[in-house]
Number of protein chains: 4
Amino acid sequence: MNGNRFGRLFQVTTFGESHGEAMGCTISGCPAGLELTEEDVQADLDRRKPGQSMITTSRGEPDDVSIKSGTQDGYTTGTPIGMVIQNKDARSGKYEPFITAPRPSHGDFTYSAKFGTRNWGGGGRSSARETVNWVAAGAIAKKLLASEGIELKAHVNQIGDVSAPEVSFEEIKAHSEENDVRCAHPETAAEMQELIEAYQEEGDSIGGSIYFEARGVPVGLGAPRFDSLSARLGQAMMAVPATTAFEFGLGTEAREWTGKERNDDWEFSEDGDPVPVENDHGGIQGGISSGEPIYGEVTLHAPTSIPKSQQTADWETGELKEEKVIGRHDPVLPPRGVPVVEAMLALTLVDFMLLSGRLNPDRLDNDPGEYDTDYHPSNPHNE
Amino acid sequence: MNGNRFGRLFQVTTFGESHGEAMGCTISGCPAGLELTEEDVQADLDRRKPGQSMITTSRGEPDDVSIKSGTQDGYTTGTPIGMVIQNKDARSGKYEPFITAPRPSHGDFTYSAKFGTRNWGGGGRSSARETVNWVAAGAIAKKLLASEGIELKAHVNQIGDVSAPEVSFEEIKAHSEENDVRCAHPETAAEMQELIEAYQEEGDSIGGSIYFEARGVPVGLGAPRFDSLSARLGQAMMAVPATTAFEFGLGTEAREWTGKERNDDWEFSEDGDPVPVENDHGGIQGGISSGEPIYGEVTLHAPTSIPKSQQTADWETGELKEEKVIGRHDPVLPPRGVPVVEAMLALTLVDFMLLSGRLNPDRLDNDPGEYDTDYHPSNPHNE
Amino acid sequence: MNGNRFGRLFQVTTFGESHGEAMGCTISGCPAGLELTEEDVQADLDRRKPGQSMITTSRGEPDDVSIKSGTQDGYTTGTPIGMVIQNKDARSGKYEPFITAPRPSHGDFTYSAKFGTRNWGGGGRSSARETVNWVAAGAIAKKLLASEGIELKAHVNQIGDVSAPEVSFEEIKAHSEENDVRCAHPETAAEMQELIEAYQEEGDSIGGSIYFEARGVPVGLGAPRFDSLSARLGQAMMAVPATTAFEFGLGTEAREWTGKERNDDWEFSEDGDPVPVENDHGGIQGGISSGEPIYGEVTLHAPTSIPKSQQTADWETGELKEEKVIGRHDPVLPPRGVPVVEAMLALTLVDFMLLSGRLNPDRLDNDPGEYDTDYHPSNPHNE
Amino acid sequence: MNGNRFGRLFQVTTFGESHGEAMGCTISGCPAGLELTEEDVQADLDRRKPGQSMITTSRGEPDDVSIKSGTQDGYTTGTPIGMVIQNKDARSGKYEPFITAPRPSHGDFTYSAKFGTRNWGGGGRSSARETVNWVAAGAIAKKLLASEGIELKAHVNQIGDVSAPEVSFEEIKAHSEENDVRCAHPETAAEMQELIEAYQEEGDSIGGSIYFEARGVPVGLGAPRFDSLSARLGQAMMAVPATTAFEFGLGTEAREWTGKERNDDWEFSEDGDPVPVENDHGGIQGGISSGEPIYGEVTLHAPTSIPKSQQTADWETGELKEEKVIGRHDPVLPPRGVPVVEAMLALTLVDFMLLSGRLNPDRLDNDPGEYDTDYHPSNPHNE
């Protein structure tokens, strides 16, 4: 209930504050037999890390992950995977004006009121730095999903009032990593980049949104109602810092569609299976996956840390004052949010794969490494 | 993980299918000492029940609740509250064409694929009939919240392309129950009613949305990240049948706002406390309540059960066929969804009130009834 | 956290007080396709019910179970199973002397102190009547286990200072239900019966213990440490009312054995698999099942309700008084505790079977009834 | 479900294998404002660490803890506390004979069968090295309990057939740390030491037991049944490596006591409150604390690693072989188990203190350090 645990069978537990000594997470419930090295995790961390382009914060964090447990000879062992990422470039000095005067629309006031204290340097636990843990965990989830033929990808589809046209999943995979904005439509990406730089120059920031899609999700994931795929995705995505909206399928547009328009008729697939003619339902029916692509959108508001003068109220002195949030901040969140959204999507799906028994909770069939330490004659998974 | 449990300290567990014998729910974690009778629960059930107007299904369910345990002399005792609601008017006959041929955009196919069977009469567990349990539980949650000065209300703010202008919380409380649509803006309600009837006449249905708001929520509810107020609200609302979008604060609009525009400066309240000048943040900062009203919106797609001819694929015969969904169905969901959204909002908030220690998990201070059976000299709550 | 929920994937949620209107439980996570009728559940309820012999309370409860949801045509559907058992013979009158003066060693004082109220008639929620729900749920768990070749049985192995010699699993199955004491060793059973009747006559009660054993449990259930089979069994058994000790394998005797004596060497089974030469380890090694029988013992203290004069302190009047607990009470608990211990063992094991993926969480392969509503081409469980 | 998480509101999540790089744990749910430094944790770790005497393993682990997050200026901040303890002296060489031939009564076979692999060096995750994490977490729990006047202590009360006479809580506190055996009765401790050394010399090991007691626990902790104090203590203690029995109050002796003998009459305390005349009930009535001392016993079997020749079955070669477990092992477990049992007792109690609202889940009233970053006008906890 402390907000640092996610998942039911594939469980992630995190720790760390923005300007503390280290970030870290523990994965419980990863089956044995998955090939896993630090490089696998690092690849996604590099997509999220600060300083990767001109439109991200310049804080210098290499975000090198160290796996402390749970693997042997390059394979997971079924035991908890502990990972630690050191904080290297945490300079807190510029936050001092805000120790007792909350930054506008930050968590400063709410944290201080809740806990009676807070790590005032850099947002502490409410900082998006926490998502480094999610991306590390998500990288493992993605590998597990890939072993079952599930792939997923996200890209930035809107920044301010610049929105991308619809692009195919193949295009997203091909192009979203080709530009700093992580928009899979190159022309729109260029326009977005310009817009972001304009706001950056005038000391402001801007909102945007991320489109996500998963393919290869088998029919039957999710459970009626509170554990429906959409409810769990809703929790996962709304946990992403700065998120103000979660949509799947038609999203908010669905309010204007009639039943006849939105309903997807059934036909037969080549294999003779019933399949929906279209996918206006977003891959989820009655809370359970239909086998069609699962897609949706997440809206992230503009970063609240801006070097523009804003009014705050100092509870120590009782005085109003004008302050600028000086620091190394992102002018826009979606470009670095793409791997975060992918991570939460992967963590949600892998959990359902385990819950549905489609992933063996104890071990994959992969060769678990150098020493053949396995033995299970009576284990049906072995047959 | 079976999708019938919600909440961490205030826990709701439900059972029942649309055309089964009874619906029921068990509340665990309700403190002792709350005044509670069946009438308290019935009031909200009546707002949700079928047959209440011309624009709801005509299924005749009185939805009479029976409390089986957890109260004594009109007060809760701190032990689990078991409630049962009989199903009285469950006629399944008309669903027979769809036993092996899924209704378009229903959960028929996904349920059959997941469980290898399903209650084919009337949607079974995926039916919105399940929400009778949520409303029953939510009624208790609302009473607990009210005892702490928290009130909440929802109304229908859009049907199809007819949307209501912004109305105040006072207006919502005053007017949302005055018309069948449950829109607090009377002129818009009339327009919505016309629109719904038009779709109803032509055998179609239409989507819409519900606005919700809570007032009096103290500063400090919620926890960093995965258990943030917004993440848990996201799960709660996305569990509502037919929901395709959840927004809080600016929602999807936030993508077009700059940081400067959206950030809320701080000033002092009359009592000398820091308060935000505006509430563009929707009452939640860093995942934790700011003391400002919490508000947002939920989009519900059009009902999928329509008496229009649609194509389905029969997996037994291997044939495509055209079928109409004959039955007693709602032409639009938001009017009956209003108490459901309120219930999920109440259940989420009451859970956080308990988690934060603001509600005593063991007992309220109310007089627990006729017999004075209490004794706790060493209990600090007693002092 | 309200004490009425057990299990992680096979989840039981209960409600009901001893002298309330009804008892009930909801099972979440039972796979679809299990043949299940009320008779299956009733058989175990009859073993637990009051009034079954001269050495049990004479309270007249038929304990008829009614299944409200989760089955269709005699098979489970994968959705929550709601069960209700009416209380028929709840006369509270004789508890009045104890409303504000706690019965010795009952939960009266602790409940009143915790909740500031209590169902003072007959123990309310702390009454062992609650275990009717456990036995109902356990009956379903046993059926699931049986479908995987796991069987389990308990019997009374000690009452007061009369203890039974070691009997084989086959003997337990054959004889434990042949006498009122539920001791599988007939001569000892007779001796126990005499002892119980002697205590009963003089208005006293006596303690005892129950031996349990499970066979056919596959290798590999349980997880390192906090979720070890022994830890989860410990919780399950210590929840049984009046339990003061839980032992598995050698139990308390282990403190006097050396490593060499207790260690079980390995040999090969006929199939060429490593198997322990003996089973001093009790079927659990490193918290995980070894494939050998799991066995242990539970100690239940003497019933606290006795018609002997005892001293209590009235917090209303401030006076000490001597009172007898008049009512219909058991002179000894283990005979009716046998099905309760079996139920908790079954619930624990079935949960681990689901967690290990050995039981498909969505559906068994049984034919799910009259209508062939199943469809899952892409579901590997179907292959 | 992966066995590395304990607690409901005070949550511990662990990682690490005996011969891996590091051990670690994350505490979620520790309120802000607790004074906490690494020294506080280290003190208990030193009581558990290897090499502390001639009757413990000689493995050279300093067990230095490093707190990575969750504190500031010497106080907890309410955010997750990440702790890491490096493994320094992990030499695995001598385990090679057992890679494919399981050590008798170890977890080697069950782990290999479950996961299809295992960290074969030194027991991996099933090693009692994991308990270093529990002791670290328990040290924090103890500090929280102490702030509420709750103290707890354990000592070794039996080794082999040498058992200590009953000693008072004051004696346990005064003497249990004065000798290597951690028995509070000095004469018995000397006898135990001799016995252990005798077994050690002949290459064998021996079992024993630990008595624990907690004082100052307020009335009203625990919940009816599944979350009763005894059930949760049962899980906690049975998770301790090598535990085969858990008893509280009279434990297994209760089977021979009559109701009249065991029942504790009520009298009035000096303050006029009802209190039990004796404490045969062990401080728990109806699953809820009575305000009396909570006491009980845990039995630990003899260490399974002994340098005596034992038979194992090699699944690779299909041959039986005689092997000795060469390594640095403890000849007896209770002396180092004392801080482990205390930790589990503390973790269980602190969780109930939070669940009952007696500990504020957000923050203690302590001054949270150098910067006065708190603000909560509307927070009733502040008043």
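Copies here are superposed by least squares on the C-alpha atoms of residues with pLDDT of at least 70 in both. With that rule, chain B goes onto chain A by a rotation of 180 degrees, with 0.0 Å of shift along the axis and an RMSD of 0.0 Å. The same surface serves both copies: 100% of the contact residues of chain B recur in chain A. Contact means heavy atoms within 4.5 Å.

Some ground rules. This is a predicted model, where local features need pLDDT of at least 70 and side-chain atom pairs count only at pLDDT 80 or more, while totals for chains, interfaces and linings use all residues. Residues are numbered from 1 along each chain as its sequence is written, chains are lettered from A and ligands numbered from 1 in the order in which they are written, and side-chain values use heavy atoms, with hydrogens and water left out.

Now the contact between chains B and A. Chain B gives 102 residues and chain A gives 103. About 8,300 Å² is buried between them, and carbon and sulfur atoms give 60% of that. Buried area is the accessible area (1.4 Å probe) that two parts lose on being put together, summed over both. Which three residues supply more than any other three of the area that chain B buries against chain A? They are Arg225(B), Phe226(B) and Arg255(B), with 12%.

Glu247(B) and Arg255(A) form a salt bridge at 3.2 Å, N to O.

Helices (H or I, at least four residues) and strands (E, at least two) are DSSP runs, numbered from the N terminus. Two strands pair if DSSP finds at least two bridges between them. Ten strands make an open antiparallel sheet, in the order S9(A)-S8(A)-S10(A)-S16(A)-S11(A)-S11(B)-S16(B)-S10(B)-S8(B)-S9(B). S9 (162-163) of chain A and S9 (162-163) of chain B are the edges; each has a single partner strand, so one side of each lacks a neighbour in the sheet. Where do the chains join? S11 (residues 243-248) of chain A pairs with S11 (residues 243-248) of chain B, antiparallel, over three bridges. There, Phe246(A) stands opposite Phe246(B).

Over all chains, the salt bridges come to 115. One of them links Glu202(A) and Lys308(A), at 4.0 Å, N to O. Glu202(A) sits in the loop between H5 (186-201) and S10 (208-215), and Lys308(A) in the loop between S16 (294-300) and S17 (310-314), so the pair ties together parts of chain A that are 106 residues apart in sequence.

Last, chains C and D. A rotation of 180 degrees with 0.0 Å of shift along its axis superposes chain D on chain C, RMSD 0.0 Å. The two copies are thus related as by a two-fold rotation axis. Within chain D, five strands form an open antiparallel sheet, S1-S2-S3-S7-S4. S2 (residues 11-15) and S3 (residues 22-28) of chain D run antiparallel, joined by five bridges. Thr13(D) has Thr26(D) in S3(D) as its bridge partner.

Note on methods
Salt bridge = Lys/Arg side-chain N within 4 Å of Asp/Glu carboxyl O.
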